[in-house]
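Work through the exercises below with the sequence and the model side by side. Each task is followed by a worked solution.

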Protein chains: 2
Amino acid sequence: MREVAVLGIGQIRIDEHWDKSLKECAGEAIFSALQDASLASVEGLYVGNMMSGSANRQQQLGASIADWSGLRFSEALHVEAACGSGSAAFRSALMAVASGELDSAIAVGVEKMTDSPGSEITSELATAADADWEVDHGLSFVALNALIMRRYMHEHGWKKEHFAPFSINAHANGAHNPFARFQEPITLADYTRAGMIAEPINLMDASGIGDGAAAAVLVPAELLRSRQGTRVIRVVGSSAATDTISVHNRRDGTWLTAAERSAKLAYAQAGVSPADIDLFELHDAFSIMAALSLEACGFAERGQGPRLAGDDQIRPTGRIPIATRGGLKARGHPVGATGMYQIVEVVQQLRGQATGTQVEGARIGMSQNIGGSGSNIVTHILRADY
Amino acid sequence: MREVAVLGIGQIRIDEHWDKSLKECAGEAIFSALQDASLASVEGLYVGNMMSGSANRQQQLGASIADWSGLRFSEALHVEAACGSGSAAFRSALMAVASGELDSAIAVGVEKMTDSPGSEITSELATAADADWEVDHGLSFVALNALIMRRYMHEHGWKKEHFAPFSINAHANGAHNPFARFQEPITLADYTRAGMIAEPINLMDASGIGDGAAAAVLVPAELLRSRQGTRVIRVVGSSAATDTISVHNRRDGTWLTAAERSAKLAYAQAGVSPADIDLFELHDAFSIMAALSLEACGFAERGQGPRLAGDDQIRPTGRIPIATRGGLKARGHPVGATGMYQIVEVVQQLRGQATGTQVEGARIGMSQNIGGSGSNIVTHILRADY
């Protein structure tokens, strides 16, 4: 397969966009990415979205968004892996260009969650869990994560406040990101007095929903060799792995097997180890997920994710900066769009455009997007070359 | 890209499967395809499905079905292109193997339509049309097709009964297919006295819904060179194209531009012309769509699709056999599964296993799957080599 590079990125602020439809949100991110890439069009469109069929009563987002965005007649496809849909779309676009089937493609993640006609978002999010064996028994998505977090605290002896640094770091970084849903820092006091949602997960452990869209243009890397003086952002690792959809079916409920597998495959492809990663946009839908991802991907020993955070090693100046533009917690988590925000933010860091939270000398960045409670995990490693 | 072959196929009868869940339907088709391929497992799973998120309250069909089918930990993805989802999944699996990213993959199309909790199927099907500009104004999917058919009859002077041969051929062929929803032939009288749904579309112009699943295993073709005496079924053409999602936005409402584009790309890849195609599994969701597909793909002059049918040229012994195992009309149309039934049936023909409706000496077969009212169209050409 040929090498592929990210030529352009685009995003909209995550917010309650009552004045914009789903396709308008997606279109803005697409136009912005095409403009950033100085391209008028691309050959294929890959849309990551989780819930438009039920929440917005619109399927066919491939054709619908291609039509709206001036890509009519192009190949266009909608891919879904729950909250991992964004990265899954990026991986599909990557494979189309890497294989030589297409010479350019755009991946867009989009979700419209705040004015869905006649549906309730907690119930929509639950479709990422097992309908027969989890949801039917009354488990919501946050409840599933609360069970995992409680077990993790029991196994490793952490208290609830040990998870505060994840949230504090995310909000501190989000304050510098004009596209973030929440742009104000929080204190330890804000964390500890936040309302409980599903014990031990409180409001400051949980990411916020919203309407959002983010996009990236992919082209063969060889095309860019001639462009003088530009950093070429190559996709050097890409992989996906699954686990049981039900958490109770796992041999080990506090270990993300699919994250470990997916990260190892990506490291091998890129020829790097965790020590080479300059920043990591991980999937902090809940603070417990941030801890588990850091461990599964080799940045912390098992059970030691909160220690890494407590030691300030996850900030932009730390050993492994995470959530550098706010993460799911503060930038926001418009589920099917999130994976594409992660990619866009890694590219910003590798270009040196992460104003206020720039990781000095960042050259290799990683993103990891999780669908369900760890059941479908997509990892990407990007590298800047001069 | 490397050449890819279909090593195994599997399907379940399209029916009202009140005793089987969505994942059980998919699992049966997958197990059957793996057994046919003499493989215990594959590296990746691509699931085509349209409406499980709303109709079955289960998203994440990649992880869910991988888990259920013994493919846990594999890469697994759900792709959606409305009624074109099945072929879109096949194309995604094809690209994964053709690119070298995976050495084996399975594509499964699955839909569970007959016992969806709290949702109404006509309303689910409407999510394939434009939510803002078609559905909001009261157009159902059959109504959209009725408008196209009425215009077509006006433009080309056909009467309603001229569409009868499409339905009669489909039911005559379906009578020989043990997996078909309807296995009884119909007469011209049955057609003319069928109840009207949305004039001029009556019950015999419209395909039947149902629960169904069909699957195919893809491997690199070079793997099969050593297997003596087996026909190798290669995928020699694959392409996708889109059109406006709203029918009223098209310059020409009675011409399937995306079908023409997609077919031409596939012909070019395969190095063939319409004259070389021995059978064509087309998307006869409504009889008007059969006529429009035949024209857009170069088998009939514009406006002359019904003449081809009236001249008996679409039967297994005709110039271009269509719906050879019953088509959407009689085999049935479990929307997201349909594209995979088409692929499975083309493979049956090329293997010489289409008992009762075998096209003599069939060597090159084509399938075309349509999402929406012609808005997302995926075409495949398969060839049998000895």
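**Exercise 1.** Is A:Asp312 buried, partly exposed or exposed?

Solution. First, the ground rules. This is a predicted model, in which local features need pLDDT of at least 70, side-chain atom pairs count only at pLDDT 80 or more, and totals for chains, interfaces and linings use all residues. Residues are numbered from 1 along each chain as its sequence is written, chains are lettered from A and ligands numbered from 1 in the order in which they are written, and side-chain values use heavy atoms, leaving out hydrogens and water.

Step 1: take the cut-offs. Buried means under 20% relative accessible area, exposed over 50%, and partly exposed in between (1.4 Å probe, protein chains only). Step 2: apply them. A:Asp312 has a relative accessible area of 38%, so it is partly exposed. A:Asp312 sits in the loop between α11 (305–310) and α12 (327–330) of chain A. Helices (H or I, at least four residues) and strands (E, at least two) are DSSP runs, numbered from the N terminus. Step 4: check the backbone. Phi of A:Asp312 is near 60°, a positive value in a residue other than glycine.

**Exercise 2.** Now describe the Asp at position 312 of chain B.

Solution. Step 1: B:Asp312 has a phi near 65°, positive although the residue is not glycine. Step 2: B:Asp312 lies in the loop between α11 and α12 of chain B. Step 3: its relative accessibility is 37%, so B:Asp312 counts as partly exposed.

**Exercise 3.** Characterise chain A as a whole.

Solution. Step 1: count the elements. Chain A has 13 helices and 11 strands. For 386 residues a compact globule would have a value near 21 Å; chain A has 19 Å, which agrees. Along the principal axes, the C-alpha atoms of chain A fill a box of roughly 55 × 45 × 40 Å. Step 3: look at burial and contacts. Of the 386 residues of chain A, 68% count as buried. Contact means heavy atoms within 4.5 Å. Of the contacts in chain A with a separation of 6 or more, 77% come from residues 24 or more positions apart.

**Exercise 4.** Which residues have the most contacts inside the largest nonpolar core?

Solution. Step 1: define the set. A nonpolar core consists of buried Ala, Val, Leu, Ile, Met, Phe, Trp, Tyr and Cys residues joined through side-chain atoms within 4.5 Å. Step 2: read it out. The largest one has 134 residues, and A:Leu45, A:Ile106, B:Leu45 and B:Ile106 have the most contacts inside it. Step 3: inspect one of them. Beyond its neighbours within four places in sequence, A:Ile106 contacts residues including A:Ile30, A:Leu45, A:Leu71 and A:Val217. Nonpolar side chains tend to be buried together in soluble globular proteins.

**Exercise 5.** How many residues of helix α7 of chain B are buried, and what do they pack against?

Solution. Step 1: helix α7 (residues 164–174) of chain B has 9 of its 11 residues buried, so it is largely enclosed by the rest of the structure. Among them are B:Phe166, B:Ile168 and B:His171. Step 2: the buried residues of α7(B) pack against α8 (188–192), α10 (287–296), α11 (305–310) and α12 (327–330) of chain B.

**Exercise 6.** Where is B:Val378, and what does it touch?

Solution. Step 1: B:Val378 is in strand β11 (residues 376–385) of chain B. Step 2: its relative accessibility is 2%, so B:Val378 counts as buried. Step 3: leaving out residues up to four places away in sequence, B:Val378 touches residues including B:Gly84, B:Arg91 and B:Ser262.

How values were computed:
Rg over C-alpha atoms; globule rule 2.2 N^0.38 Å.
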